[in-house]
Amino acid sequence: MSENYVAPAQQRWLRACMVCSIVMTYARFRDEGCPNCEEFLHLQGSPDQIDSCTSQVFEGLITLADPANSWVAKWQRLDKYVRGVYATKVSGQLPDDVRTTLEEEYRITYIPRDGSATEAD
């Protein structure tokens with residue numbers, strides 16, 4: 001997972017996706033997009049989308065090497081995502097138009113990662 005290494009001088013450029021909470025640098029979001037959400041967020045090459053759909057304000061970090069078999073990944077609702085570094089809490093809300101697209105076109109129920117809503121079991 002050396003591709004996820006961020007030098008200490010670059011840590012201020014870290015951002016977390018508001019949908020899946022993966023943490024990457026602004027440059028990686030710009031160059032690669034979100035590995036979990038690119039299909040509907042379209043972050044690659046779009047600074048406006050990156051600013052709207054990712055946040056610099058997040059808490060805690062979880063490194064997942066095997067999300068499918070990790071109880072922490074299941075607890076954080078990350079077990080269907082790619083391996084990587086994830087935030088435990090991401091501050092901010094998706095723009096209404098992105099949320100509407102998620103729910104109407106992709107049938108994805110958006111659950112904010114900031115702790116403001118809880119998942120009904």
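Which residues does the UniProt annotation "domain: Spt4/RpoE2 zinc finger" cover? I found that it covers residues 14-91, and the record is an unreviewed entry. I note that the model I am reading is predicted. I then looked at the span itself. The end C-alpha atoms of residues 14-91 lie 13 Å apart. The span is 29% helix and 29% strand.

I started at β1 (14-17). L14 and A16 point one way from this strand. R15 and C17 point the other way. I checked burial on both faces, and all four residues are buried.

Next I looked up the pairing. β1 and β2 (23-25) pair in the antiparallel sense, over three bridges. The bridge partner of L14 in β2 is T25. I also followed β1 to strand β3 (residues 54-55). Two bridges join them, and they run antiparallel. A16 stands opposite S55 in β3.

I went back to T25, which is found in strand β2. T25 has 14% relative accessibility and counts as buried. Leaving aside neighbours within four places in sequence, T25 is in contact with V6, W13 and L14.

**Entry: positive phi**

Most residues other than glycine have a negative phi. I listed some residues that go against this.

S21 sits in the hairpin of β1 and β2, which has five residues between the strands. S21 takes a positive phi near 75°.

H42 is not a glycine, yet has a positive phi of about 55°. I placed H42 in the loop between α2 (38-41) and α3 (47-53). H42 is partly exposed, with a relative accessible area of 46%.

R107 also has a positive phi, near 55°, and is not a glycine. R107 lies in the segment after α5 (96-104). R107 counts as exposed, at 68% relative accessibility.

**Entry: cysteines**

How many disulfides does the model hold? I count zero. I wanted the reason for C20 and C34. The sulfur of C20 is 3.5 Å from the closest cysteine sulfur, which is in C34, so the pair is too far apart for a bond. The cut-off I used is 2.5 Å between the sulfur atoms. From the other end, C34 is in no disulfide, and the nearest cysteine sulfur is that of C20.

Are these two cysteines buried or exposed? C20 counts as buried, at 0% relative accessibility. C34 counts as buried too, at 1%.

**Entry: the nonpolar core**

In soluble globular proteins, nonpolar side chains tend to be buried together. I looked up the largest nonpolar core here, and it has 30 residues. C17, V19 and L41 touch the most other members. Several elements each supply at least two residues of this core, among them β1, β2, α2 and α3.

I finished with the contacts of L41. Not counting residues up to four places away in sequence, L41 touches C17, V19, Q49, C53 and V98.

Methods
Residues numbered from 1 in each chain as written. Predicted model: local features only at pLDDT ≥ 70, side-chain atom pairs only at ≥ 80, totals over all residues. Heavy atoms only, no water. Buried < 20%, exposed > 50% of the residue type's maximum accessible area, 1.4 Å probe, protein only. Core = buried A, V, L, I, M, F, W, Y, C linked by side-chain atoms within 4.5 Å. Contact = heavy atoms within 4.5 Å. UniProt positions renumbered as here; feature names shortened; annotations may be inferred. Pairing = 2+ DSSP bridges.
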